[in-house]
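Please examine the sequence and the three-dimensional structure shown below. The paragraphs that follow lead the reader through selected features, one after another.

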Amino acid sequence: MAENSASTYGEGTPCWADAQLPDVEAGKRFYGELFGWTFDGEDAPGASVWARLDGEPVASLAPKTDGRMPTVWTVYFATPDARALVRKVTAAGGRLISGPFAVADLGAAALVTDPEGAVFGLWQSDGHPGFGRLREPGSFVWTELYTPDPGAANTFYGALFHEALFGAGAEPDFGRAQVTDAFPAEMPPHFLVHFRVTDLDTALATVRRLGGRVQVPPFDASYGRVAVVTDNQGASFALLTR
């Protein structure tokens, strides 16, 4: 594994991300060129695939099983007990969407929402801890929750993931930002997955060339310089330089 990757992830640490796409083959071409990813499952068109960077897993692309589902990137937070954490989520006003369900012999996953409706995943590892590389170009580096009430979000996620967010020495890759009137009225609370790039302008030019679009031009945030984009199928994500 890379020097800055982790073999295990503490509860509340972002540990995986996947994209639900109408066309996985198109996704492989887009992200393969943008980030230099290679993919497992080349002989199974349309199946879920792992994306790898220098041989280490960094994300997965999955086919949408229902056309009514959004085309979206989802972040997963590590937990040693997905069922127990689901109970905490629902007791605190969140909602269970699906799971927990076994994923082969890799672990168990669940999809939930917070009280405002932002969707996130839970991952209980049993052989696949998560990212093999992170915080380096071409890999996950940050997730930002856009919410109308960051204070309420801090209370909710702090109760779920206190050590990861607020414990001694915590350096979370998870921020909370307020949705203001500057955002489209129809934009719901959501998580935005960030991938690190070396040169933001070059990456944005590649996104455009591959059929994606720039939703929000580059801006400076406390955690780096960021631009929000969509891929060529409509899944939103962010590019970040530090």
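In this predicted model, the count of aromatic pairs comes to 28. One of them joins Phe-35 and Trp-37: the ring centres are 4.9 Å apart and the planes stand at 40°, so this pair is tilted.

Phe-35 belongs to helix α1 (residues 24-35), whereas Phe-237 belongs to strand β14 (residues 236-241), so the contact ties together parts that are 202 residues apart in sequence. Both Phe-35 and Phe-237 are buried. These residues are members of one aromatic cluster, formed by Phe-30, Tyr-31, Phe-35, Trp-37, Trp-73, Phe-195 and Phe-237.

Another kind of arrangement involves a ring and a charged residue. Arg-176 is placed over the face of Phe-174, at a distance of 4.9 Å from the ring centre.

Sorted by class, the lining of the second largest pocket holds 6 nonpolar, 4 polar and 5 charged residues.

Which residues of helix α2 (residues 82-91) are buried? They are Ala-82, Leu-85, Val-86 and Val-89. These residues cover an arc of only 105° around the axis, and therefore they lie on the same side of α2. The face of α2 turned away from this buried side carries the exposed residues Arg-83, Arg-87 and Ala-91. Ala-84 also has its place in helix α2, and its relative accessibility of 24% makes it partly exposed, because the buried class requires a value under 20%. The C-alpha atom of Ala-84 is separated by 31 Å from that of Ala-238, and the two residues are 154 residues apart along the chain.

The backbone also deserves attention. Gly-99 and Pro-100 are joined by a cis peptide bond, with omega at about -5°. Pro-100 lies in strand β6 (residues 95-103). Ala-104 is found in the loop between β6 and β7 (107-113). Its phi is near 50°, a positive value in a residue other than glycine. Ala-104 is exposed, with a relative accessible area of 69%.

A positive phi also occurs at Arg-135, near 65°, again in a residue other than glycine. Arg-135 lies in the loop between β8 and β9 and counts as partly exposed at 31% relative accessibility. Leu-134 lies in the loop between β8 (119-125) and β9 (140-147). Is Leu-134 buried or exposed? With a relative accessible area of 2%, Leu-134 is buried. Leu-134 and Leu-53 are 81 residues apart in sequence, and their C-alpha atoms are 9.8 Å apart in space.

How values were computed:
Residues are numbered from 1 along each chain as its sequence is written. This is a predicted model: local features need pLDDT of at least 70, side-chain atom pairs count only at pLDDT 80 or more; totals for chains, interfaces and linings use all residues. Side-chain values use heavy atoms; hydrogens and water are left out. Rings of Phe, Tyr and Trp (its six-membered ring) pair if their centres lie within 6.5 Å; planes under 30 degrees apart count as stacked, over 60 as edge-to-face and the rest as tilted. Helices (H or I, at least four residues) and strands (E, at least two) are DSSP runs, numbered from the N terminus. Buried means under 20% relative accessible area, exposed over 50%, partly exposed in between (1.4 Å probe, protein chains only). A charge sits over a ring if NZ of Lys or CZ of Arg is within 6 Å of the ring centre and within 35 degrees of the ring normal. Ala, Val, Leu, Ile, Met, Phe, Trp, Tyr, Cys and Pro count as nonpolar, Asp, Glu, Lys and Arg as charged, and the others, Gly among them, as polar. The arc is that of the directions from the helix axis to the C-beta atoms.
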